[in-house]
Amino acid sequence: MNILLGFLLLVSLSARAQRQKIDPISFGSVRFGEDRMPIDLKDFEIKTSGKYGFEARLVKDSLQWIRLNQVLLVPRALIDVAFKGEAGNNYAWEYAENKIIPMFDEASGLYKARIFISLFESLPLNFFEGDKVVNTVRVIPRASSNSQLVDYSCAPYAVVIQGLRDDFVSAGCKAQRTGKFGDEHPYLEVFITSASYRLKDQSDPPYLVAFHESGEAKVKLQNYEGKEEVLTVRAKLPSKLPRLRLAAGLGPYTLDTKGKSGDRRKQVAPTAMLYGNLALNDTSSFRFFDSFSKNVSTFHNWGTYFAWELAEFCDQRCLLTSLIGVQGVEFRFNSDENTVSEMIFPQGFEFLYKHPFGKLNYKFSYGMFASFSGLYDYQNIWLRYGKNYFWELNYIGWQRTNRSATMFGLSVGFPIGAFF
């Protein structure tokens, strides 16, 4: 256990590229994004125009999901393009400001290229002969296609997209704090991209809509054929972003205790919990908890610790956090014995899964503390599920010399205040 906790404390975030491929550990067919927006390459068609006749096709099973700027979720696929030309000519493809030099097959006289195309960015694939564009290839949705992907990052702000009929649209969100400490407000950036439509100035997507308060934004877009559509984006923002949040929990727990004399007692003890979280920045916070159980025996366990996000994975929905701090224990077997109080130093971690089972804004977490010392034995393990209100299954075990206490039960938690 100590080795596992030590390893988790050393994990760090990896550098991310501008276009970050979602690359899960796969034990078979893994689908990202498709559970919210089914994508089939048959939903897209290829249109070419220009001087040369091209063979072009989307490569089967080449669909991937990537994130633009770590925010916007879009699919991409490989396209094969080929044409017959003379050897030695100065040919090149251009896509997303990148130049691609095609291969040449002398036996067939074909120039060939295999290029990743973003299916949701309405970017043309241009073919250059020398310094002139002589052909354009576009991958566009078929007329019957219509779907909107609003990423999980937008869920806390109830972002809604309307408009752009017969098209695919994707939206992703990034929120920031603005203002002074104690009076901070949200600033929400919503990134939008479309498979077919652009702003009238033909600037490349994605486009940004910035919200400093609840409201909506409208803009008129057009596709490459000149057809116009109105895009509407709505968002709901809280008036303030507090840094300190408090919650409480109540529930019946079993409490098994052993006193100084070796006597044991099993009982059902009403238990009250208090939780606090003071956000320092986007990746770290101070947290504390207080658990109090009392029947014939009394067991009181509290702790305060520094929480630091170690790694984010599973397409930003899984979060691993280290918990480093100090705890206190107060134990009394019965009214005939004295209260034992001590400071202990177990360390731990928490694994958080956001939006589990497709439930927006819900969270599922597993966490634990374990002892690094041989002077005492301590474990604290919890499972938590919910949104504002939550259920928590908790086990705490403590032993020092011949005294011990073990509590296990289910409690319901609820918010009690937010400050600063």
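Trainee: Where does proline 206 lie?
Mentor: In this predicted model, proline 206 lies in the loop between strand 16 (197-199) and strand 17 (207-211). The peptide bond that runs from proline 205 to proline 206 is cis, with omega near 5°.

Trainee: And where is glutamine 202?
Mentor: Glutamine 202 also belongs to the loop between strand 16 and strand 17. Its phi is positive, about 65°, although glutamine 202 is not a glycine.

Trainee: What do phi values and peptide bonds mostly look like?
Mentor: Most residues other than glycine have a negative phi, and most peptide bonds are trans.

Trainee: Is glutamine 202 buried, exposed or partly exposed?
Mentor: Glutamine 202 counts as partly exposed because its relative accessible area is 35%, which falls between the 20% and 50% limits.

Trainee: OK, new topic: how do strand 22 and strand 23 pair?
Mentor: They pair in the antiparallel sense, over 11 bridges. Strand 22 and strand 23 form a hairpin, with three residues between them. In that pairing, serine 291 stands opposite asparagine 301 in strand 23.

Trainee: What about strand 23 and strand 24?
Mentor: Strand 23 and strand 24 are antiparallel too, with 15 bridges. Here the hairpin has four residues between the strands, and cysteine 314 in the turn has a positive phi of about 55°. Glutamine 316, in the loop between strand 23 and strand 24, has a positive phi as well, near 70°.

Trainee: Which strand holds threonine 298?
Mentor: Threonine 298 is in strand 23 (residues 298-313). Threonine 298 counts as buried because its relative accessibility is 13%, and the limit for buried is under 20%.

Trainee: What does threonine 298 touch?
Mentor: Leaving aside neighbours within four places in sequence, threonine 298 is in contact with Phe292, Ser293, Glu330, Phe331 and Arg332. There is also a polar contact of 3.2 Å between the side chains of threonine 298 and lysine 294.

Trainee: And leucine 323, buried or exposed?
Mentor: Leucine 323, in strand 24, is buried, with a relative accessible area of 0%. Not counting residues up to four places away in sequence, leucine 323 touches several residues, including Tyr305, Phe306, Gly348 and Trp382.

Trainee: How far apart are leucine 323 and phenylalanine 292?
Mentor: From C-alpha to C-alpha they are 21 Å apart in space, and in sequence they are 31 residues apart.

Trainee: Switching to rings: how many aromatic pairs are there?
Mentor: A search of the whole structure finds 28 aromatic pairs. Tyrosine 91 and tyrosine 111 make an edge-to-face pair, 4.8 Å centre to centre with 80° between the planes. This pair links distant parts of the chain, since tyrosine 91 is in strand 6 (residues 91-95) and tyrosine 111 is in strand 9 (residues 110-118), 20 residues apart.

Trainee: How buried are those two tyrosines?
Mentor: Tyrosine 91 is buried at a relative accessible area of 5%, and tyrosine 111 is buried at 6%.

Trainee: What kind of pair do phenylalanine 331 and tryptophan 398 form?
Mentor: Their ring centres are 5.6 Å apart and their planes are at 55°, so the pair is tilted. Phenylalanine 331 is in strand 24 (residues 318-332) and tryptophan 398 in strand 29 (residues 390-400), 67 residues apart. Both phenylalanine 331 and tryptophan 398 are buried.

Trainee: Which residues form an aromatic cluster?
Mentor: One cluster is formed by Tyr52, Phe54, Phe83, Tyr91, Trp93, Phe104, Tyr111 and Phe127.

Trainee: Which charged end sits over the ring of phenylalanine 116?
Mentor: That of arginine 76, at 3.9 Å from the ring centre. Lysine 99 lies over the face of phenylalanine 128, at 4.4 Å from the ring centre.

Note on methods:
Residues are numbered from 1 along each chain as its sequence is written. Side-chain values use heavy atoms; hydrogens and water are left out. Rings of Phe, Tyr and Trp (its six-membered ring) pair if their centres lie within 6.5 Å; planes under 30 degrees apart count as stacked, over 60 as edge-to-face and the rest as tilted. Helices (H or I, at least four residues) and strands (E, at least two) are DSSP runs, numbered from the N terminus. Buried means under 20% relative accessible area, exposed over 50%, partly exposed in between (1.4 Å probe, protein chains only). A charge sits over a ring if NZ of Lys or CZ of Arg is within 6 Å of the ring centre and within 35 degrees of the ring normal. A polar contact is a pair of N or O atoms within 3.5 Å; within protein, one must be able to donate a hydrogen and the other to accept it, and residues adjacent in sequence count only if both atoms are side-chain atoms. Contact means heavy atoms within 4.5 Å. Two strands pair if DSSP finds at least two bridges between them.
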